[in-house]
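User: I should like to go through the assignments made for this structure and the reasoning behind each one. Please set each value against its criterion.

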Amino acid sequence: MALLPRDASFQQWKVTHVGLRTGLCGALTTFASWNTQMVVMMAGGDATVIGSSQWLSALWGYLVGLFVSLQSFLLGRSLAYASG
C-alpha cells in the first residue's frame, strides 16, 4: 500500500492486497458499464431495444442501484459488528 510505510505489518498481507485490488477494479468496471447503459437508455441511442428514450427504466435502474448498494453497505457493517 502506497500510503503506509514499508515496514508496516499490513504491507506483508499479500493476499489481502490482491483481493482489495481485484475487488476495487472489478467494482469500478462493473459500475462504469452499468452507468453507461443507463445513459444510453436515457439518450435513446442504438443500444436500446425500442429505439427511443427510456427515462423511466433508467431512473428505476438508478434507484434500484442506489438502494442495493446502500443495503449492501449496511449489511456488511452489521456483519462486521456482529463478528467482532
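User: Which residues of α1 are buried?

Analyst: In this predicted model, the buried residues of α1 are H17, M38 and M41. Buried here means a relative accessible area under 20%. These residues of α1 pack against α2, which covers residues 55-83.

User: How do you know that the length of helix α1 agrees with its number of residues?

Analyst: Helix α1 runs over residues 14-43 and has 30 residues. At 1.5 Å a residue it should span 44 Å, and its end C-alpha atoms are 44 Å apart, so the two values agree. After α1 comes G44, with a positive phi near 75°.

User: How many helices and strands does the chain have?

Analyst: The chain has two helices and zero strands.

User: What makes the aromatic pair of W34 and Y62 edge-to-face?

Analyst: One aromatic pair is found in a search of the whole structure. The ring centres of W34 and Y62 lie 5.2 Å apart, within the 6.5 Å limit for a pair, and their planes meet at 75°, which is over 60 degrees; the pair is therefore edge-to-face. Because W34 lies in helix α1 and Y62 in helix α2, the pair ties together parts that are 28 residues apart in sequence.

User: Why are W34 and Y62 called partly exposed?

Analyst: The class lies between the buried limit, under 20%, and the exposed limit, over 50%. W34 has 27% relative accessibility and therefore counts as partly exposed. Y62, with a relative accessible area of 26%, is partly exposed as well.

User: Which residues make the nonpolar surface patch?

Analyst: The patch is made by L56, L59, W60, L63, V64, L66, F67, V68, L70 and F73, and its area is about 1,000 Å².

User: What separates the C-alpha atoms of W60 and M38?

Analyst: Their C-alpha atoms are separated by 9.7 Å, while the two residues are 22 residues apart along the chain.

User: How much of the chain counts as buried?

Analyst: Of its 84 residues, 13% count as buried. The accessible surface of the chain is about 6,800 Å², and carbon and sulfur atoms account for 71% of that surface.

Terms used: Residues are numbered from 1 along each chain as its sequence is written. This is a predicted model: local features need pLDDT of at least 70, side-chain atom pairs count only at pLDDT 80 or more; totals for chains, interfaces and linings use all residues. Side-chain values use heavy atoms; hydrogens and water are left out. Helices (H or I, at least four residues) and strands (E, at least two) are DSSP runs, numbered from the N terminus. The expected span of a helix is 1.5 Å times one less than its number of residues. Buried means under 20% relative accessible area, exposed over 50%, partly exposed in between (1.4 Å probe, protein chains only). Contact means heavy atoms within 4.5 Å. Patches are made of residues with over 30% relative accessible area and no salt bridge: like charges are joined within 9 Å, nonpolar side chains (Val, Leu, Ile, Met, Phe, Trp, Tyr) within 5 Å. Accessible areas come from the Shrake-Rupley method with a 1.4 Å probe; for residues, only the protein chains shown count as cover. A salt bridge is a side-chain nitrogen of Lys or Arg within 4 Å of a carboxyl oxygen of Asp or Glu. Rings of Phe, Tyr and Trp (its six-membered ring) pair if their centres lie within 6.5 Å; planes under 30 degrees apart count as stacked, over 60 as edge-to-face and the rest as tilted.
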